[in-house]
Amino acid sequence: PAEFVDPGVDLDLRQLTSLALANSPDLVAAETEAKVARAQRAIVGQWRDPEFRSSFDWDDLRVTEVRDPGNNDNIRRAEGLSLSVRFYPPNPWIMRAEMYKAMAEISYADFVYKQAGRDVINQVRQLYQELQFLTERSRLGQGVYSLEQEEFQRLNKMLQDGKLLRDPVDKARLRKLSKQGLGTSDVIRIRKVRADLAALVGIADSNRIKVQGVPNRPIIGFGPGSESSLAEMAYLNDVMLNSLVRQEKLSQGDLNAFQAKKIPWLSFINVGRDRTFRDHLAVSDNYEVGFAINVPIFTAFSKEAKIYREQIKGYQKQAERNRKQIERRIASIMANIRNTRSDLERFDRETSEIDKTFLKMESDMAAVKMPQQQSEVVHQRRSMSLSRSRERLAAEEAYHDAILDLEALIRADVESVFVATAPALSEKPAAN
């Protein structure tokens with residue numbers, strides 16, 4: 001992971017992401033696994049250590065003179081020294097199969113390392129986006145609360161001045177406004193999300209997280225072939241699918257290694273020298289070069305290959321079902337994105353019609369000089385505007401959540417794949 005120096009100030013999304021990558025234990029673990037996979041590849045095909053053999057022997061030969069049996073026997077000694085070295089050359093076909101497996105491990109370890117970083121980025125984005133919407137929702141809620149308190153003060157003053165009718169409707173409304181409180185659920189949720197995000201990036205003070213507005217992502221245009229393109233991206237980046245591909249390659253390597261065992265190969269090569277001494281004088285030197293060949297008679301009739309072939313078929317079947325599942329998830333997410341976009345468009349149309357209705361009512365009451373009723377309509381329009389803003393914020397959040405779900409599946413930024421066809425959601429005209 002890249003080193004990141006904490007600037008010691010409030011952190012924006014980019015800095016939070018860099019800090020999370022620098023402090024992620026999962027990323028360090030994945031990096032270690034990638035290094036281990038490369039180290040294991042270096043020992044593939046390594047020769048087994050040779051064997052050094054040495055022996056010393058002697059023979060005492062007693063010689064008796066036949067003609068003079070009374071004489072002492074003569075003893076003649078023959079001594080021998082043997083030195084040899086035995087080498088075990090690796091089977092090149094088995095070594096090739098092991099190399100194939102080692103490369104599969106390296107490829108998967110590199111993939112996991114890359115995806116571990118992407119997972120950290122997605123986690124930071126999800127928490128930060130949730131924090132953005134919660135903060136904005138809380139701000140709008142405070143606006144609604146302040147507006148209701150203003151209305152309560154206005155109605156209470158009118159009541160004190162005798163300008164407010166004392167009918168049950170007015171009294172009920174006044175009691176409701178007097179009990180109106182500032183909701184704390186958003187505040188509690190904000191505190192929790194801040195704490196989770198701070199723990200993820202590795203900072204002690206969650207108040208250092210700087211929240212800037214709401215996500216400002218443009219509306220992406222998806223064409224007829226978008227789902228197939230997204231599915232291909234998801235195939236390439238899906239962890240489970242790549243794990244199955246790795247398992248399939250390892251089983252294929254085991255199958256290749258087993259097939260290689262059916263090919264006769266050298267068991268060992270032996271090189272040695274024998275020297276014989278008679279009466280401490282060298283009389284002969286013998287040199288030896290030998291080898292042994294493994295004859296795979298029983299291996300040829302083994303059913304071990306069937307095990308590996310069944311494993312390969314099983315992994316291929318699982319991979320195919322995993323691809324089908326990815327396609328279904330892509331279709332579901334795309335439908336959700338389209339539905340949330342349609343909800344936003346319909347919401348904006350409805351809001352525009354409501355605003356026009358309120359403005360017309362204000363104009364009509366101003367024309368007939370009904371200030372109290374006009375003030376009431378103005379309050380209702382402002383209250384409606386804030387309420388609609390909160391509802392639209394929920395619709396925006398649903399759209400952005402769907403985009404994040406898609407990015408988590410394809411493990412890439414949507415904007416880097418597709419071209420924006422409309423302005424960002426937050427650039428829509430707000431209600432007055």
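Modeller: Three aromatic pairs are present in the structure, where a pair means rings of Phe, Tyr or Trp (its six-membered ring) whose centres lie within 6.5 Å, with planes under 30 degrees apart counted as stacked, over 60 as edge-to-face and the rest as tilted. One of them joins Trp93 and Trp265 in an edge-to-face arrangement, at 5.9 Å centre to centre and with 85° between the planes. Because Trp93 belongs to helix α3 (residues 92-160) and Trp265 to strand β4 (residues 265-278), this pair ties together parts that are 172 residues apart in sequence; helices (H or I, at least four residues) and strands (E, at least two) are DSSP runs, numbered from the N terminus. This is a predicted model, in which local features need pLDDT of at least 70 and side-chain atom pairs count only at pLDDT 80 or more, while totals for chains, interfaces and linings use all residues. Residues are numbered from 1 along each chain as its sequence is written, and side-chain values use heavy atoms, with hydrogens and water left out.

As for accessibility, Trp93 counts as partly exposed because its relative accessibility is 40%, and Trp265 is likewise partly exposed, with a relative accessible area of 26%; here buried means under 20% relative accessible area, exposed over 50%, and partly exposed in between (1.4 Å probe, protein chains only). For contrast, Arg411 counts as buried at 17% relative accessibility; Arg411 sits in the loop between α9 (371-410) and β6 (420-424), and its phi is near 55°, a positive value in a residue other than glycine.
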